[in-house]
Amino acid sequence: ALAALAAKLLDIIGDGKSGAQVDEAVANQRASMAVGLLGVYVDGFARLQQLSAMQQAWPQVCAATHEAEALPWPLLREVVRFVLLRPMEDDAAALAPQNLAQSSRPSEAVLAAESNATRLLQMPSTWSRRLESQGAAQLAVPWLACVDEANAAYWRQWEKLVGIFDNTLKHRSAEAANSGASGFDSAFLQEVMQLHSVLHDNLQQKFTTFQADVMQQVGQLRFDGESSAFGMVLKEKMKDPQWPSHLGIPSESSLRSAADFIEGSASSGVLPAAAAALSRVENQVREVVCRCCAEPVMRILKDYPEMPEWNLQSDEIAHGPLQCITLVPEHLFSLMPQLEKSQEGSELQWLPAILEASVDVVVDKVMKIKELTAAGASQLAVDLEYLRKVPDALGGTGGADGAAGRLKDLLETVEYLALQQRRKKECMAQGVAYVEETRTNVPARNRTAERPLRLAMGLS
């Protein structure tokens, strides 16, 4: 009889694999049908279990076979998609960040987005009560997977808000390139840092509380549903190792992550997809902040690869850095008051990341130098030695892998190649074959910069 019912159900609702893009009216209709059918199965299994004739046969009813499924996958797909996932997605969509154009100031849009995010992060109990009211507390694992997927999708919506700041920075950068301005706007930097503070300091903490709340709700759902007849049938069905692929909604990966977490075998913690999406959007904002601070360095060093000092035919040794190089630390020092103010009450330190972004600009400019004579290499070494001391002066060395360490490695590469350039010239003058000296323990990151420098010095 259950097999016949499952076959009839397949005729009515199909295989349950479609429906992700249906309109609201169709979704509501299918949700109502799924809730009704779910109620029928929950009540039906409870009544069957109570029949005296079922005392011996009940384990066989729970056990699914290829010929007869007590609880068909198409029904579970409909329930998970339209009873669990769709309402969560609707809640998240209603609270997604709004376009900045709808607000007179970006700061207002950021604060509104934070307020909406806070509301969303308070909804686990609402979602679990909704599931319990429909008699499906046994669906704790799919519920957890849906929470993860819906919230991951929500945090991806924040990328649109970040994209507006990113596009604004690109636009201002293009304007600065055309006008010769520095490209730096302290007010704009403050707005982007405000967005980062909301994500890093406020919402990350609330998300941690949200994760704890979700864990509590999952525990309660499992406790409430373990002894029910529907729960027994579902538990038996999920003994199949391939059940996440059979269900497939919201996704096989999220279902496996949820199951692993509940079973205590997960290494990624609760809600891994949502946590990763939040972390990703925070990193995107962090990149915008760093680019905003490094933009003036790019403007300062705009003509650095074409400086006439690189191809001077002279044996003189440079004694001081080029003027444009001295402007780099001036800009970085000017940032310090604003950076220090933004770090009050936060564990985040901006300086190392901004120094790294600035060093990226320096390395890029050095790699674009087309020709380096001995005098040019001497000048480049003096410039890099000057810049190498800046992170120490600012208090943001970051160790061997930080900005100072990278500049030191680049300086050593320039000095090594300059020595080989002189040796090659001497060998040619003496009419002997030149053999380059062996260099060991070269950091992998230096290999990238070494190749163009070799070309510039005629050592390729």
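Modeller: Start with what counts as a helix: helices are DSSP runs of H or I with at least four residues, numbered from the N terminus. Keep in mind that this is a predicted model.

Biologist: In which helix is Cys290 found?

Modeller: Cys290 lies in helix 12.

Biologist: Is Cys290 buried or exposed?

Modeller: A residue is called buried when its relative accessible area is under 20%. Cys290 has 9% relative accessibility, so Cys290 counts as buried.

Biologist: Which residues does Cys290 touch, not counting those up to four places away in sequence?

Modeller: Cys290 touches Trp350, Ala353, Ile354 and Ala357. For a distance in the other sense, take Cys290 and Val40: they are 250 residues apart in sequence, and their C-alpha atoms are 57 Å apart in space.

Biologist: How do I read the packing of two helices?

Modeller: Two packed helices are described by the angle between their axes and the distance between the axes. In this model, the axes of helix 13 (residues 323-342) and helix 14 (residues 351-367) come within 12 Å and cross at roughly 150°. Angles over 145 degrees count as roughly antiparallel, and helix 13 and helix 14 are therefore roughly antiparallel to each other. Their crossing is right-handed.

Biologist: Which residues of helix 13 and helix 14 meet?

Modeller: From helix 13 they are Leu332, Leu335, Met336 and Leu339, and from helix 14 they are Leu351, Ile354, Leu355 and Ser358. Ile354 has already come up as a residue that Cys290 touches.

Biologist: At what angle do helix 13 and helix 15 pack?

Modeller: The angle between helix 13 and helix 15 (residues 374-388) is about 10°, and their axes are 10 Å apart. That makes helix 13 roughly parallel to helix 15. Ile325, Thr326, Val328 and Pro329 of helix 13 make the contact with Asp383, Tyr386 and Leu387 of helix 15.

Biologist: What about helix 4 and helix 7?

Modeller: Helix 4 (residues 73-94) packs on helix 7 at an angle of about 30°, with the axes 9 Å apart. Helix 4 is therefore roughly parallel to helix 7, and the crossing of the two is right-handed. Val80, Leu84, Leu85, Met88, Glu89 and Ala92 in helix 4 meet Pro142, Trp143, Cys146, Val147, Ala150 and Tyr154 in helix 7.

Biologist: What is the idea behind a nonpolar core?

Modeller: In soluble globular proteins, nonpolar side chains tend to be buried together. In this model, the largest nonpolar core has 131 residues, and Trp143, Trp155, Trp158 and Leu380 touch the most other members. Helix 7 (residues 140-179) gives the largest share of this core, 16 residues.

Note on methods: Residues are numbered from 1 along each chain as its sequence is written. This is a predicted model: local features need pLDDT of at least 70, side-chain atom pairs count only at pLDDT 80 or more; totals for chains, interfaces and linings use all residues. Side-chain values use heavy atoms; hydrogens and water are left out. A nonpolar core is a set of buried Ala, Val, Leu, Ile, Met, Phe, Trp, Tyr and Cys residues joined through side-chain atoms within 4.5 Å. Buried means under 20% relative accessible area, exposed over 50%, partly exposed in between (1.4 Å probe, protein chains only). Axes are lines fitted to C-alpha atoms, for helices over the stretch in contact, and angles run from 0 to 180 degrees between N-to-C directions. Angles under 35 degrees count as roughly parallel, over 145 as roughly antiparallel, 65 to 115 as roughly perpendicular and the rest as oblique. A crossing is left-handed if the near helix is turned anticlockwise from the far one by less than a right angle, and right-handed if clockwise. Contact means heavy atoms within 4.5 Å.
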